[in-house]
Amino acid sequence: MQIKTKAIVISALKYQEKSLIVKCFTLSHGLKSYFVRDAFSSRKGSRSVGTKMAYFQPMTILEIEASHKNKGTLEHFKEIKIAAPFQSIHSDIYKSTIVMFISEILHHSIHEEEKNEPLFVFLEAALHWLDEHDDMANFHLILMLEMTKYFGFYPDVSDIDMPFFEMNEGVFTPFHAIGSLTEHESNLFKKLIQLKFDNSQKVFHVIERQLVLKILIDYYSYHLDGFKRPKSLDVLKEVFA
């Protein structure tokens with residue numbers, strides 16, 4: 001099957017000496033993995049995949065033509081190009097660290113080869129927002145929380161005035177249970193729920209931001225089988241310390 005679609009790069013793993021295995025979240029077919037032969041080749045030609053290593057940086061948004069066999073094996077690109085070039089994401093240390101972290105979150109969160117167009121549209125818009133704004137200290141926190149809407153475990157806020165957030169059920173409760181956050185942690189989580197990308201990003205102190213991030217990582221672990229602590233988490237904490 002020949003397809004044309006937008007795709008967000010999740011990861012690129014070197015294979016042998018010159019090739020890559022590129023995992024993409026596509027608009028039309030969800031998660032797909034592609035084999036890129038001679039990705040490190042220096043051969044000329046503007047349409048050569050081998051000349052476009054920069055295209056496979058984390059969270060790059062591509063327009064691709066590809067051959068999909070849909071047999072659970074690696075697929076192959078026919079053509080690739082940047083859908084809309086980022087101006088700052090891959091050159092700004094803070095933004096590049098954020099997208100490295102987010103790509104790892106997605107790597108551990110999306111496992112199914114199934115279309116999720118609303119999630120794709122949300123991610124695309126969020127990435128363009130990040131590219132265009134510099135006040136982004138809480139961007140990754142807001143993004144992680146918002147993504148739970150598309151993964152199916154966004155917190156139930158109908159009782160948000162209750163003092164404790166219970167992680168397993170995703171609800172606010174009047175009593176502290178085994179899986180509940182403390183009252184202080186619950187208040188920080190409530191504060192995050194009220195935030196949007198365009199809100200003031202100076203809502204949390206550094207220690208509070210790290211605590212909220214830990215809460216989100218734990219919340220994902222509760223609700224996604226096989227979710228792993230991102231290796232880039234320590235880098236993220238260091239950069240935003």
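Predicted model: local features only at pLDDT ≥ 70, side-chain atom pairs only at ≥ 80, totals over all residues.
Let's start with a strand pair: β1 (residues 2-15) and β4 (residues 61-67) run antiparallel and are joined by seven bridges. Strands here are DSSP runs of E with at least two residues, helices are runs of H or I with at least four, and both are numbered from the N terminus. Two strands count as paired if DSSP finds at least two bridges between them. Across this pair, Ile 3 stands opposite Ala 66 in β4.

β4 also runs antiparallel to β5, with six bridges joining the two. Here Ile 64 has Ile 80 of β5 as its bridge partner.

Residues are numbered from 1 along each chain as its sequence is written, and side-chain values use heavy atoms, with hydrogens and water left out.

The protein chain has a mean pLDDT (the predictor's confidence in each residue, from 0 to 100) of 89, and 94% of its residues reach 70 or more. Confidence is highest in strand β6 (residues 164-166), at 98, and lowest in α6, at a mean of 86.

## The whole sheet and its helix

Zooming out, five strands form an open sheet in the order β3-β2-β1-β4-β5, with antiparallel pairing. β3 (30-36) and β5 (76-82) are the edge strands with a single partner each, so one side of each has no neighbour in the sheet. From one strand to the next, the twist averages 40 degrees.

Helix α2 (residues 117-132) lies across β1, β2 (19-26) and β4, at about 65 degrees to β1. For that angle, axes are lines fitted to C-alpha atoms, for helices over the stretch in contact, and angles run from 0 to 180 degrees between N-to-C directions. Contact means heavy atoms within 4.5 Å.

## One cavity

The structure holds one cavity of 30 Å³ or more, and the largest cavity has about 60 Å³ of space. A cavity is a set of points on a 1 Å grid over the protein atoms alone where a 1.4 Å probe fits but cannot get out; lining residues have an atom within 4 Å of a point. The volume is the space filled by probe spheres set on the points.

Lining the largest cavity are His 140, Arg 209, Gln 210, Leu 213, Leu 236, Lys 237, Phe 240 and Ala 241. α5 (206-223) and α6 (233-239) each supply at least two lining residues, and α5 gives the most, with three.

Notes. 1 Å grid on protein atoms, 1.4 Å probe; cavity = no way out; pocket = protein on both sides within 12 Å on 5 of 7 lines; lining within 4 Å.
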